[in-house]
Amino acid sequence: KTLVFVLDGSLRNIPMSLLYDQKEQQYLIEKDYNIALSSGLQLTNPQPLKRQQIKVLAAGVTNDFPEYRFPPIPKVEDELKEIKRIFNESEILLNQDFTEASLQEKLQVSDFPVVHLATHGQFGSTSDQTFILSGAQEGNPLINVNRFDNLLRAGNLRRSQPIELLVLSACNTAEGDNQAILGLAGVAVRAGARSTLATLWGANDEATANLMGKFYNNLANDVQISKARALRKAQLDLLAEEDSQYRHPYYWAPFVLVGNWL
(Lines give C-alpha, C1' and ligand atoms only; values in the text may rest on other atoms or scores of the structure.)
Protein backbone atom coordinates (compact mmCIF):
# COMPACT_ATOMS: atom_id res chain seq x y z
CA LYS A 1 0.00 0.00 0.00
CA THR A 2 3.03 2.31 0.04
CA LEU A 3 5.16 3.31 -2.94
CA VAL A 4 8.69 4.33 -1.98
CA PHE A 5 10.55 6.25 -4.70
CA VAL A 6 14.33 6.56 -5.03
CA LEU A 7 14.72 9.48 -7.43
CA ASP A 8 17.60 10.85 -9.46
CA GLY A 9 18.35 14.07 -11.31
CA SER A 10 15.49 16.46 -12.07
CA LEU A 11 12.93 13.89 -10.90
CA ARG A 12 13.84 14.93 -7.35
CA ASN A 13 12.01 18.21 -7.94
CA ILE A 14 8.77 16.54 -9.03
CA PRO A 15 6.26 15.38 -6.38
CA MET A 16 5.34 11.80 -7.25
CA SER A 17 1.80 12.34 -5.92
CA LEU A 18 1.28 14.60 -8.94
CA LEU A 19 1.83 11.91 -11.59
CA TYR A 20 -1.33 11.82 -13.70
CA ASP A 21 -3.15 8.90 -15.30
CA GLN A 22 -4.70 10.44 -18.39
CA LYS A 23 -6.92 7.42 -19.05
CA GLU A 24 -8.38 7.29 -15.54
CA GLN A 25 -8.08 11.07 -15.10
CA GLN A 26 -6.56 10.59 -11.67
CA TYR A 27 -3.45 11.73 -9.88
CA LEU A 28 -1.32 8.97 -8.39
CA ILE A 29 -2.33 10.15 -4.91
CA GLU A 30 -5.97 9.37 -5.76
CA LYS A 31 -5.14 5.70 -6.27
CA ASP A 32 -4.91 3.59 -3.12
CA TYR A 33 -1.20 4.11 -2.48
CA ASN A 34 0.68 6.04 0.15
CA ILE A 35 3.80 7.76 -1.17
CA ALA A 36 7.24 8.25 0.38
CA LEU A 37 10.76 9.08 -0.77
CA SER A 38 14.10 7.53 0.11
CA SER A 39 17.54 8.96 -0.52
CA GLY A 40 18.95 5.53 -1.41
CA LEU A 41 18.22 1.85 -1.85
CA GLN A 42 19.67 1.02 1.57
CA LEU A 43 16.62 1.51 3.79
CA THR A 44 16.66 1.63 7.57
CA ASN A 45 14.37 -0.66 9.54
CA PRO A 46 11.13 1.38 9.71
CA GLN A 47 9.30 1.65 13.02
CA PRO A 48 5.83 3.15 13.56
CA LEU A 49 5.33 6.33 15.56
CA LYS A 50 4.27 5.63 19.16
CA ARG A 51 0.91 7.35 19.55
CA GLN A 52 0.20 7.11 23.28
CA GLN A 53 2.56 9.94 24.18
CA ILE A 54 2.95 12.24 21.21
CA LYS A 55 4.45 15.55 22.19
CA VAL A 56 5.35 18.11 19.56
CA LEU A 57 7.98 20.80 19.87
CA ALA A 58 6.53 23.39 17.50
CA ALA A 59 8.45 26.53 16.59
CA GLY A 60 7.54 29.13 14.02
CA VAL A 61 7.97 32.64 12.66
CA THR A 62 5.20 34.80 11.17
CA ASN A 63 7.15 37.88 10.06
CA ASP A 64 8.85 38.55 6.75
CA PHE A 65 12.57 38.56 5.93
CA PRO A 66 13.08 41.13 3.13
CA GLU A 67 16.83 40.52 3.01
CA TYR A 68 16.12 36.90 2.02
CA ARG A 69 13.08 37.79 -0.12
CA PHE A 70 10.71 35.83 2.10
CA PRO A 71 7.17 37.24 2.69
CA PRO A 72 5.30 37.14 6.03
CA ILE A 73 3.55 33.87 6.91
CA PRO A 74 0.81 34.97 9.38
CA LYS A 75 -1.04 31.63 9.38
CA VAL A 76 1.91 30.00 11.16
CA GLU A 77 0.46 31.16 14.48
CA ASP A 78 -2.82 29.35 13.77
CA GLU A 79 -0.84 26.30 12.64
CA LEU A 80 1.03 26.10 15.96
CA LYS A 81 -2.14 26.71 18.00
CA GLU A 82 -3.84 23.83 16.20
CA ILE A 83 -0.93 21.52 17.03
CA LYS A 84 -1.21 22.54 20.68
CA ARG A 85 -4.97 21.87 20.59
CA ILE A 86 -4.48 18.39 19.14
CA PHE A 87 -1.52 17.41 21.34
CA ASN A 88 -1.92 19.42 24.55
CA GLU A 89 1.46 18.42 25.96
CA SER A 90 3.18 20.13 23.06
CA GLU A 91 5.35 23.21 23.54
CA ILE A 92 5.27 26.30 21.33
CA LEU A 93 8.05 28.74 20.42
CA LEU A 94 6.68 31.63 18.33
CA ASN A 95 8.54 34.55 16.75
CA GLN A 96 11.01 36.13 19.22
CA ASP A 97 10.66 33.09 21.53
CA PHE A 98 12.04 30.90 18.75
CA THR A 99 15.80 31.29 18.80
CA GLU A 100 18.63 28.86 18.22
CA ALA A 101 19.28 28.80 21.99
CA SER A 102 15.64 28.27 22.99
CA LEU A 103 15.23 25.45 20.45
CA GLN A 104 18.33 23.71 21.74
CA GLU A 105 17.24 24.15 25.36
CA LYS A 106 13.84 22.55 24.70
CA LEU A 107 15.42 19.64 22.86
CA GLN A 108 17.74 19.00 25.80
CA VAL A 109 15.14 19.01 28.59
CA SER A 110 12.45 16.80 27.04
CA ASP A 111 11.94 14.01 24.52
CA PHE A 112 9.82 15.24 21.62
CA PRO A 113 9.10 12.49 19.06
CA VAL A 114 7.92 15.21 16.65
CA VAL A 115 9.72 18.49 15.96
CA HIS A 116 7.71 20.92 13.83
CA LEU A 117 9.40 24.02 12.39
CA ALA A 118 7.07 26.44 10.59
CA THR A 119 9.50 29.00 9.28
CA HIS A 120 11.21 30.14 6.15
CA GLY A 121 14.09 28.04 4.95
CA GLN A 122 15.80 26.60 1.94
CA PHE A 123 17.36 23.24 1.12
CA GLY A 124 20.13 22.96 -1.44
CA SER A 125 22.97 20.63 -2.26
CA THR A 126 25.52 22.58 -0.18
CA SER A 127 25.52 23.79 3.42
CA ASP A 128 25.54 27.42 2.26
CA GLN A 129 22.27 26.82 0.41
CA THR A 130 20.61 24.98 3.29
CA PHE A 131 19.24 26.96 6.23
CA ILE A 132 16.21 27.88 8.33
CA LEU A 133 15.35 31.24 9.88
CA SER A 134 14.60 31.74 13.57
CA GLY A 135 12.68 34.62 15.13
CA ALA A 136 15.75 36.04 16.90
CA GLN A 137 15.50 39.84 17.09
CA GLU A 138 19.15 40.30 17.98
CA GLY A 139 22.00 38.90 15.92
CA ASN A 140 21.66 36.74 12.82
CA PRO A 141 18.36 34.79 12.62
CA LEU A 142 19.79 32.41 10.00
CA ILE A 143 20.61 28.89 11.22
CA ASN A 144 22.56 27.05 8.55
CA VAL A 145 22.52 23.29 8.22
CA ASN A 146 25.74 22.79 10.16
CA ARG A 147 24.54 24.74 13.20
CA PHE A 148 21.13 23.08 12.90
CA ASP A 149 22.92 19.74 12.94
CA ASN A 150 24.93 20.74 16.01
CA LEU A 151 21.99 21.94 18.08
CA LEU A 152 19.97 18.82 17.30
CA ARG A 153 22.95 16.59 18.07
CA ALA A 154 23.36 18.36 21.42
CA GLY A 155 19.70 17.63 22.16
CA ASN A 156 20.12 14.00 21.10
CA LEU A 157 22.80 13.43 23.74
CA ARG A 158 20.10 13.59 26.41
CA ARG A 159 17.28 11.93 24.49
CA SER A 160 16.07 8.44 25.28
CA GLN A 161 14.30 8.20 21.90
CA PRO A 162 15.21 9.57 18.45
CA ILE A 163 13.18 12.25 16.68
CA GLU A 164 10.60 10.23 14.79
CA LEU A 165 9.42 13.06 12.56
CA LEU A 166 10.99 16.39 11.64
CA VAL A 167 8.44 18.66 9.94
CA LEU A 168 9.57 21.73 7.98
CA SER A 169 6.25 23.17 6.94
CA ALA A 170 7.16 26.50 5.37
CA CYS A 171 10.52 25.65 3.88
CA ASN A 172 11.30 24.89 0.26
CA THR A 173 14.15 23.43 -1.73
CA ALA A 174 16.56 25.53 -3.74
CA GLU A 175 14.93 26.38 -7.06
CA GLY A 176 16.41 24.44 -9.94
CA ASP A 177 18.71 22.42 -7.68
CA ASN A 178 18.20 18.71 -8.41
CA GLN A 179 20.40 17.78 -5.45
CA ALA A 180 18.14 19.58 -2.98
CA ILE A 181 16.10 16.56 -1.94
CA LEU A 182 19.36 14.87 -0.91
CA GLY A 183 20.12 17.93 1.19
CA LEU A 184 16.72 17.49 2.78
CA ALA A 185 17.28 13.82 3.52
CA GLY A 186 20.75 14.66 4.80
CA VAL A 187 19.28 17.06 7.36
CA ALA A 188 17.04 14.28 8.65
CA VAL A 189 19.93 11.84 8.95
CA ARG A 190 22.17 14.39 10.62
CA ALA A 191 19.46 15.36 13.06
CA GLY A 192 18.89 11.73 13.99
CA ALA A 193 15.32 11.97 12.69
CA ARG A 194 13.78 8.86 11.17
CA SER A 195 11.68 10.84 8.71
CA THR A 196 11.28 14.37 7.40
CA LEU A 197 8.19 16.10 6.02
CA ALA A 198 8.85 19.23 3.97
CA THR A 199 7.87 21.00 0.76
CA LEU A 200 9.44 21.04 -2.70
CA TRP A 201 8.38 24.65 -3.22
CA GLY A 202 7.15 27.53 -1.07
CA ALA A 203 3.57 26.46 -0.45
CA ASN A 204 0.64 28.79 0.23
CA ASP A 205 0.56 29.94 3.88
CA GLU A 206 -3.14 29.28 4.51
CA ALA A 207 -3.20 25.98 2.62
CA THR A 208 -0.16 24.77 4.57
CA ALA A 209 -1.77 25.53 7.93
CA ASN A 210 -4.94 23.76 6.73
CA LEU A 211 -3.08 20.67 5.55
CA MET A 212 -0.89 20.43 8.66
CA GLY A 213 -3.95 20.54 10.90
CA LYS A 214 -5.50 17.67 8.94
CA PHE A 215 -2.22 15.72 9.01
CA TYR A 216 -1.87 15.92 12.80
CA ASN A 217 -5.56 15.18 13.35
CA ASN A 218 -5.10 12.01 11.28
CA LEU A 219 -2.17 10.94 13.47
CA ALA A 220 -4.09 11.72 16.67
CA ASN A 221 -7.36 10.03 15.74
CA ASP A 222 -6.08 6.74 14.27
CA VAL A 223 -3.38 4.86 16.20
CA GLN A 224 -2.87 2.48 13.26
CA ILE A 225 -2.32 5.08 10.56
CA SER A 226 1.16 5.53 9.09
CA LYS A 227 2.79 8.91 8.58
CA ALA A 228 2.64 8.41 4.81
CA ARG A 229 -1.08 7.64 4.91
CA ALA A 230 -1.80 10.54 7.30
CA LEU A 231 -0.14 12.89 4.81
CA ARG A 232 -1.95 11.37 1.84
CA LYS A 233 -5.35 11.69 3.56
CA ALA A 234 -4.65 15.34 4.37
CA GLN A 235 -3.70 16.03 0.76
CA LEU A 236 -6.78 14.23 -0.53
CA ASP A 237 -8.96 16.34 1.78
CA LEU A 238 -7.70 19.50 0.07
CA LEU A 239 -8.10 17.93 -3.37
CA ALA A 240 -11.65 16.80 -2.60
CA GLU A 241 -12.99 20.23 -1.58
CA GLU A 242 -15.16 21.02 -4.60
CA ASP A 243 -15.40 24.81 -4.24
CA SER A 244 -11.95 25.32 -2.76
CA GLN A 245 -8.98 26.92 -4.50
CA TYR A 246 -6.82 24.37 -2.70
CA ARG A 247 -7.82 21.66 -5.17
CA HIS A 248 -5.07 22.90 -7.48
CA PRO A 249 -1.87 20.81 -7.11
CA TYR A 250 0.10 23.95 -6.26
CA TYR A 251 -1.46 23.83 -2.79
CA TRP A 252 -1.25 20.15 -1.85
CA ALA A 253 1.38 18.53 -4.08
CA PRO A 254 4.68 19.98 -2.74
CA PHE A 255 4.54 18.11 0.59
CA VAL A 256 6.85 15.09 0.58
CA LEU A 257 7.79 12.53 3.21
CA VAL A 258 11.43 11.40 3.20
CA GLY A 259 12.61 8.38 5.16
CA ASN A 260 10.56 6.15 7.47
CA TRP A 261 6.97 6.09 6.17
CA LEU A 262 5.38 4.14 9.07
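Student: Why is aspartate 21 called partly exposed?

Tutor: Its relative accessible area is 25%. Buried means under 20%, exposed over 50%, and partly exposed in between (1.4 Å probe, protein chains only). So aspartate 21, at 25%, counts as partly exposed. This is a predicted model: local features need pLDDT of at least 70, side-chain atom pairs count only at pLDDT 80 or more, and totals for chains, interfaces and linings use all residues. Residues are numbered from 1 along each chain as its sequence is written, and side-chain values use heavy atoms, leaving out hydrogens and water.

Student: What makes lysine 31 and aspartate 21 a salt bridge?

Tutor: Their closest N and O atoms are 3.3 Å apart. A salt bridge needs a side-chain nitrogen of Lys or Arg within 4 Å of a carboxyl oxygen of Asp or Glu. The pair therefore qualifies.

Student: Why is arginine 12 called buried?

Tutor: Its relative accessibility is 7%. The limit is under 20%, so arginine 12 is buried. Arginine 12 forms a salt bridge with aspartate 8, with the closest N and O atoms 3.1 Å apart. Aspartate 8 is exposed, at 56%.

Student: What makes glutamate 77 and lysine 81 a salt bridge?

Tutor: The closest N and O atoms are 3.6 Å apart. That is within 4 Å, so the pair counts. Glutamate 77 is partly exposed, at 33%. Lysine 81 has 51% relative accessibility and counts as exposed.

Student: How many salt bridges does the structure hold?

Tutor: Twelve. Lys1, Asp32, Arg229 and Arg232 are linked in a network of them.
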